[in-house]
Amino acid sequence: MKNNKLLQRIFWLIFLVLIWQIVFWSGRFSPLVFPSLTTIIKALAGSLYNGELTQQLLFSLLIISQGLLISLVLAIFMALAAHFSGIAASLIDTLVALAHPLPGIALMPLVLIWFGAGRQAILFVIIHSVLWPMVLNLRTGFSSIPDIYILVGKNYGLDRLQILIQIMAPASLPYFLVGLKIGWARSWRALISAEMLFGAVNSIGGLGWFIFQKRVFFDLPGVFAGIIVIIIIGILVEDLIFNNIENRTVKRWGMKS
Amino acid sequence: MMDYIAIKNIYKSYQQSDERRVVLENINFSIEKRELVALLGPSGCGKTTLLKIIAGFIETDTGGLYKNGERLSGISSNRIMVFQEFKQLFPWKTVLDNVIFALEAKNIAKNPAEREEMARYFLERVELTDFFDYFPYQLSGGMKQRVALARTLAADPEIMLMDEPFGSLDSQTRKNLQDLLIDIWQEAQKTIIFVTHDIEEAIVLADRIVVMDKNPGRIKKIINNNLERPRNRAGIEFGELYETITSV
Amino acid sequence: MIYFCKESIKMKKLISLSLIMIISIFIFSGCTAEKVENTITIADQYGLAYAPVQIMKDKELLENSTENVKIKWKKLANTAAIREAMLAGEVDIGFMAIPPFLIGKDKGMEWKIISGLSICPLGLMTYKESIKTLADISENDRIALPQPGSVQHILLAMAAKREFGNPARFDNQLVTMAHPDGMNALLSRKEITIHFTSPPYIFKESEEKGIHQILNGIEAFGGEFSFIVGVGTEDFYNNYPEVYRVFLQSLEQSIEFINSNPGQAARLLTENYDISEIDLKKYITWPGMNYDDKIRGLDDFFDFMQEAQYIGSKDMNISQLLWEEDLYEK
Ligand SMILES: Nc1ncnc2c1ncn2[C@@H]1O[C@H](COP(=O)(O)OP(=O)(O)OP(=O)(O)O)[C@@H](O)[C@H]1O
Ligand SMILES: [Mg+2]
């Protein structure tokens, strides 16, 4: 079943690639607009080989993991505070209502003035795009934990901290994972677009900066190479990491349909 | 002589929309050590409420619970509740781990290996030998209630509070579990308070039956059940007792 | 068994059918933005360097002297956007600096320069007292400029080559910022210590206390050069010779207008620039600010960019870079 799915995916990928190449061969479009597969693959291999792309990719992934981690810790604290205190809940809900709908990119001009164009600026935008959906999902997660689990925990003599770790954490995991997925998707987009719009944030720059550079030097195969890397990372994270975590946890436990 | 457990003068009311509704009125009875007492009454008479009060989950308006003359308050792992709901098991733990949870929580046994061995024992006790590594969602309702029973036994409480644990099972499964409970009770020598609205279940299980009525929830009568064990559901005396209770 | 075979044949049919359909849609339908018949689109950017284009538009010089042709005006945020729009066939004439034009040409864009537009004071500005010359710039300084490959970037590289023999010396310290963002970042005196800028931002920054200039454009380039030029596509040049002519005349007219009536020009322009009439007049007559349709500095840009490998090594003669050579200044 799983194998079959993989085969189908590979089939469709080859199908799309084939169409691409046929369109290129048709000569209907200038190669400036529609470069051939070989030039794209050459550009990709070249950029990977000279280490430029690899470094920028690592930089992007590093800063995004950092942003995710910080947001995670913040979100857990905020959601817990809101869960246990009414005042904190109203404050945090207000903050979420204000900040959640605001695209990180819209904040960028201000962020540049507050933080400069450095790492912190990008980090800020990433945290902004991850934190709020994360808090929202954790809030829902905590409040949808059935009372009975907590009662059982108390009945067997667990203290508050034990209840938090042994019961609330796994019981809200499905929501936590949803929050993490949304957070990942949003931060990945925020990162790429922030880098593309506002340039390198250190001497190396990230994947967005790579694409931007290719764009300003009018190197379309290079732009495609960058896009392919983004797609591959997206698939890897989605299929390998998230699906794996889900299969080992919530799906295995029957907590997700 | 001092009672093992004494329930004295309990009143409990809830605010419901704009009126205060008395749910339990003047509840008094006592329980002896290793006794199996059934609370029997129609839906809404406050059985669950009373059991939760005994477990310490909710407070009374007046009155309280005494053990050997001393007032008990708060939740305690000495009085463990088995709920009516199947979802009382932790879905993220296997059957075995759900039982180990109780052992860990009460710090029973010296090391993980020993705990696992004990957990296996309790699961075998409730006849769930082949399902150690199953997750709760893979079990039937009856199996889930068996695991809950094993978990409670593993925690080794003095008093087990059982709130219609077999209420939503088919009659065959139910009978099996009733028999199993009696075996375990006789062997483990626990005190059990068993809530039910099924007269037959009360007669099969209990030494004493506390018959309740509703609006407000109160005790109508306490009936001793001295039928010889194992009890024969088709016996004449069984039928007579059934009649007595219905006529209350 | 038979059932399965049928099924898979059906599947194959379906797939090949959809393949054919998709491909034909791609190939036969107009997928590139189809050019609307008889419409000429002209694109420029924000900034005082583009003032003659604004005048041309406001006075409808082009509209008044062409027939049967619709003129559309577009403002785009940066050179890359103009270049892409021209590639897509959406824009016929675009205004930009010489280096981005050369990069596009090198990559195969079918375009050439029509005319010059302006010569402007450009400057590398800093708030750091300690930076007096290029040599004082440390590794920790960050330099804001519009984008790699922009005229500012190439000028910086030219200066770096002249002084240190290494055009790429500052390449790892660049931060891409549009001029207003770059100015704000510089004025907030944080991480961006240096800004390579152009009018009117250079005027505003030089009027700010504590901000000074390290280098100007002429020093960097080693002479005068056209800051902005007008570039036309092959399609436009071949199909609209009439409009080409009229365009050149109108451009000359509006340049002439600004140069001889700066006061009137400032009044006209104040609506479109967020600057007062008085300041505008001051800015368009600032020393070093010249509107001029000659094309200057093309060879030096080309030679330098080729040597520093910003463009490839194939040689081009002047007729490959200009549609017509009357305005070319060696
Ligand atoms: N938290 C609460 N707030 C308000 N009223 C409550 C609450 N819990 C229970 N009640 C009311 O108290 C009464 C007794 O409820 P309880 O659950 O104890 O009945 P029960 O005897 O267990 O019924 P059943 O056999 O249906 O389980 C009901 O009328 C119910 O509406
Ligand atoms: Mg109940």
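Modeller: Keep in mind that this is a predicted model. Let's start in chain C, where the axes of helix H11 (residues 241-260) and helix H12 (residues 262-269) come within 5 Å and cross at roughly 110°.

Colleague: How are H11(C) and H12(C) oriented to each other, then?
Modeller: H11(C) and H12(C) are roughly perpendicular, because their angle falls in the range from 65 to 115 degrees.

Colleague: Which residues in H11(C) and H12(C) meet?
Modeller: From H11(C), there are Phe257(C), Ile258(C), Asn259(C) and Ser260(C). They meet Pro262(C), Gln264(C), Ala265(C) and Leu268(C) in H12(C).

Colleague: And how do the residues of that contact divide?
Modeller: The contact of H11(C) with H12(C) has five nonpolar and three polar residues, with no charged ones.

Colleague: Over to chain A. At what angle do H2(A) and H3(A) pack?
Modeller: About 75°. H2(A) covers residues 37-49, H3(A) covers residues 52-84, and their axes are 4 Å apart. That angle also lies between 65 and 115 degrees, so H2(A) and H3(A) are roughly perpendicular to each other.

Colleague: What touches what there?
Modeller: Leu44(A), Ser47(A) and Leu48(A) sit on the H2(A) side. On the H3(A) side are Glu52(A), Leu53(A) and Thr54(A). By class, the H2(A) contact with H3(A) has three nonpolar residues, two polar and one charged.

Colleague: New topic: chains A and B. How many residues does each chain put into the contact?
Modeller: Chain A gives 20 residues and chain B gives 24.

Colleague: How much area is buried between chain A and chain B?
Modeller: About 2,000 Å². Carbon and sulfur atoms give 72% of that. In chain A, Ile148(A), Asn155(A) and Tyr156(A) lose the most area to chain B. Together they make up 39% of what that side buries.

Colleague: Which helices of chain A supply the side that touches chain B?
Modeller: Helix H7 (147-155) and helix H8 (160-171) of chain A each supply at least two residues. H7(A) gives the most, with seven residues.

Notes:
Residues numbered from 1 in each chain as written. Chains lettered and ligands numbered in written order. Predicted model: local features only at pLDDT ≥ 70, side-chain atom pairs only at ≥ 80, totals over all residues. Heavy atoms only, no water. Contact = heavy atoms within 4.5 Å. Buried area = accessible area lost by both parts, 1.4 Å probe. Axes fitted to C-alpha atoms, helices over the stretch in contact; angles between N-to-C directions. Parallel < 35°, antiparallel > 145°, perpendicular 65-115°, else oblique. Nonpolar A, V, L, I, M, F, W, Y, C, P; charged D, E, K, R; others polar.
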